[in-house]
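Thanks, everyone, for making the time; I would like to walk through one model this morning, beginning with the backbone and then turning to the ligand and the pocket. Please have a look at it before I start.

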Amino acid sequence: MARVYNFSAGPSMLPEEVLKKAAAEMLDYEGSGQSVMEMSHRSKVYDSIIKGAEQLLRELYNIPENYKVLFLQGGASTQFAAIPLNFMNKNGKADFVITGQWAKKAYQEAQKYGECKAIASSADKTFSYIPKLNKYEFTKDADYFYICMNNTIYGTVYHELPDTGDVPLIADISSCFLSEPIDVTKFAMLYGGAQKNVAPAGLTICIIREDMLGNARDITPTMLNYQIMADNDSLYNTPPCYTIYICKLVLEWLKEMGGLEAIKERNVKKAKILYDFLDNSKMFKGTVVPEDRSLMNVPFVTDSEELNAKFIKEATEAGFVNLKGHRSVGGMRASIYNAMPIEGVEKLVEFMTEFEKANS
Ligand SMILES: *Cc1c(COP(=O)(O)O)cnc(C)c1O
């Protein structure tokens with residue numbers, strides 16, 4: 001069996017240990033005589049899976065009691081509508097920082113429901129940095145302030161959060177979910193699609209402070225009403241059962257590894273190997289300003305489209321797959337999520353070194 005090093009931005013690599021455990025439990029989950037795919041979401045055995053996953057997530061992220069954890073469907077993109085429907089309900093206003101396509105999509109969707117202000121944007125330089133924010137431009141009576149924490153396509157991340165005072169801060173953490181510790185209390189809501197760093201596709205995890213709930217607009221579809229989902233412990237309807245089970249295995253893997261401090265240390269080490277190489281290479285260079293670089297998504301280019309294409313082709317043949325940059329920006333991007341072993345990045349850098357020698 002030959003497994004490749006998969007640098008996909010999502011869906012992406014899962015830890016091999018998790019895949020092996022899932023395979024071993026496929027036909028008979030803990031003596032139930034069934035696969036998790038086949039069981040009722042109302043069964044006792046399934047209840048221990050979904051509750052177990054929530055408990056582990058609470059432990060790892062240190063989520064306070066006054067926050068709800070929801071396991072939903074529809075992807076991060078569905079929350080772009082659910083968030084204004086649930087929260088843009090006092091003054092009908094919200095602030096956004098436009099740091100890339102995902103932030104922009106959230107901003108555009110929210111405009112259907114109220115007055116949205118783009119506080120700043122880094123579109124002028126292809127989103128290669130996190131814009132400096134002037135808090136005097138923030139809307140004082142906004143219902144919330146929205147950011148995309150880690151910008152998957154462009155490879156930037158906030159190292160410092162906007163100071164929004166009493167205005168609730170909401171962050172899309174799809175592509176940095178569980179990559180390092182986070183102070184949940186600084187946010188009214190954190191959410192993300194699980195397919196980048198936590199599970200296969202099909203699951204969206206929302207962490208919401210309780211006082212935010214209960215004021216959804218009347219027109220809010222039942223399935224998008226966070227209060228209803230919270231009241232039903234994410235079991236209002238059939239949840240993505242199997243994906244939640246894999247999520248639980250990933251959380252167990254993270255806990256065994258020593259939790260988020262440990263994974264952060266590993267992620268920092270991994271990213272440094274690649275950034276150090278890019279900073280010293282004459283052929284390849286990173287596209288993000290050093291101070292805003294992401295630990296998870298690393299875009300880079302050579303100075304020729306031809307060379308980019310040659311590199312991607314040869315890398316793929318050598319077992320380093322999905323290195324092509326997002327279709328909107330071109331070049332290359334290595335997504336090095338939690339499940340990517342250090343060895344995967346070391347080998348990629350060796351390959352890049354050889355490629356540079358052979359082609360210069
Ligand atoms: C991938 C991604 C999305 C979109 O997620 P879906 O689950 O496909 O809707 C949104 N935001 C960020 C930051 C992403 O990386």
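This is a predicted model: local features need pLDDT of at least 70, side-chain atom pairs count only at pLDDT 80 or more; totals for chains, interfaces and linings use all residues.

**Backbone, ligand site and pocket**

Proline 11 sits in the loop between β1 (5-6) and α1 (16-24), where helices (H or I, at least four residues) and strands (E, at least two) are DSSP runs numbered from the N terminus. The peptide bond that leads from glycine 10 into proline 11 is cis, with omega near -10°. Residues are numbered from 1 along each chain as its sequence is written, and side-chain values use heavy atoms, with hydrogens and water left out.

Now to the ligand. Which residues are around the ligand? They are Gly75, Ala76, Ser77, Trp102, Cys148, Asn150, Thr152, Asp172, Ser174, Ser175, Gln195 and Lys196, a residue being near if one of its heavy atoms lies within 4 Å. Helix α3 (residues 75-87) gives the largest share of this shell, three residues.

As for polar contacts, that is, pairs of N or O atoms within 3.5 Å, a polar side-chain atom of aspartate 172 is 2.6 Å from a nitrogen atom of the ligand. An oxygen atom of the ligand lies 3.0 Å from a polar backbone atom of alanine 76, and a polar side-chain atom of lysine 196 is 2.5 Å from an oxygen atom of the ligand. Of the 390 Å² of accessible area that the ligand has on its own, the protein covers 87%, as computed by the Shrake-Rupley method with a 1.4 Å probe.

Finally, the largest pocket, where a pocket is an open set of points on a 1 Å grid over the protein atoms alone, fitting a 1.4 Å probe and with protein on both sides within 12 Å along at least five of seven lines, and lining residues have an atom within 4 Å of a point. Its lining has 25 residues, of which Val157, Tyr158, His159, Glu180 and Leu295 lie nearest its centre, and helix α7 (residues 259-280) supplies the largest share, five residues. Because domain 1 (17-256) and domain 2 (259-358) both give residues to the lining, the largest pocket lies between them, with the domain bounds taken from an automatic or database assignment.

Conventions:
A polar contact is a pair of N or O atoms within 3.5 Å; within protein, one must be able to donate a hydrogen and the other to accept it, and residues adjacent in sequence count only if both atoms are side-chain atoms.
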